[in-house]
Amino acid sequence: MTAAIFGLLGPELTPAERDFFRAADPWGFILFARNVESPDQLRRLTGDLREAVGRDAIITIDQEGGRVQRMRAPHWAEWQPPLEDAERGAEAMRLRYRLIGQELRAVGLVSNCAPTLDIANDQTHPFLQNRCLGRNVNDIAARGRAVAEGLLEAGVVPIMKHMPGHGRAIADSHHETPVVTTPHAELSQTDFAAFRALNDLPMGMSAHIRFADLDEAPATSSARMIGIIRDEIGFDGLLMTDDISMNGLQGTIGERSAASIAAGVDLVLHCHGHMSEMEEVVANAGAMTPDARRRADRALSFRRGPDSVAAAELLAQYRALGGKVDWAQA
């Protein structure tokens, strides 16, 4: 099994993609708006992906709310940005993400790239700021725990991001490498502490950020930073990279993949679906290590059956707490 999570190009699995995935056998898949048209189409696609690899593979998505939600109206709810909703408290966030989880589970998606545990501040880059859950460690830890619980209650595995903390970045790691100059001691009490509070979660995603007080390499490809995630933060869950094709990393796709695995990341995430780049990932990420397989088995053990509570009941509770959503199924 290749140490990778792959995306694909469109709303249907092409014969070439099917054959490639069957041979490469990635651990899982990720979907984006380009892959989403309707509930029936999405159920077919998730079924086809699992059929291609011959197992009940994890298929994830970014369904945070606000700008970053791949499933939208008219078929799915339109959610406020997380930072705007988070002030309603942990219980509102649990209900919100339980409802999101129900929407995902209904179309064959069993994972969500949430919660975002980065700490927002006035300098946080706009691509991230309103995706955060708060502006201090205690709020983010409580709300992040609620997000994870809501997803798990809906039968969806959470992926916390972006380890060990993206909130201080004033650059967008999609385009360049953000550099954070904050001393290690301060990071340990703030940014890193948010992830330490949820270090029992099954999966995490790394940040393409350079922490100048700790290493010259971005966290994703830094053995020192992966060591901090494992030892100081105490996370022994399945760790995937952020999208390996983002320009916060240097080198070819193959070089980035190899460097990340060598640093200690378990899985390489490649999102764009370009076949030539995915071939580079396969060649350089290689097979999952025994430790990665152990962590993957634990992550899979977090999966539960579909939620038994009706969405209408959860929605009423959420709105009673002040939650606002354009609910497609109401």
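Trainee: Across which strands does helix α2 lie, and at what angle to β2 does it run?

Mentor: Helices (H or I, at least four residues) and strands (E, at least two) are DSSP runs, numbered from the N terminus. An axis is a line fitted to C-alpha atoms, for helices over the stretch in contact (heavy atoms within 4.5 Å), and angles run from 0 to 180 degrees between N-to-C directions. Here, α2 (residues 39–53) lies across β2 (26–31) and β3, at about 165 degrees to β2. This is a predicted model, in which local features need pLDDT of at least 70 and side-chain atom pairs count only at pLDDT 80 or more, while totals for chains, interfaces and linings use all residues. Residues are numbered from 1 along each chain as its sequence is written, and side-chain values use heavy atoms, with hydrogens and water left out.

Trainee: In what order do the four strands of the open sheet stand?

Mentor: Strands of a sheet pair through backbone hydrogen bonds, either parallel or antiparallel. Two strands pair if DSSP finds at least two bridges between them. In this case the order is β3-β2-β1-β13, with parallel pairing. At the edges are β3 (58–61) and β13 (268–270), each pairing on one side only. Strand β1 (residues 2–6) pairs with β13 over three bridges, and F6 has H270 as its bridge partner in β13.

Trainee: Is L133 buried or exposed?

Mentor: Buried means under 20% relative accessible area, exposed over 50%, partly exposed in between (1.4 Å probe, protein chains only). L133 has a relative accessible area of 2%, so it is buried. This residue lies in the loop between β7 (111–112) and α5 (137–153). Its contacts beyond four places in sequence include P82, M93 and V147.
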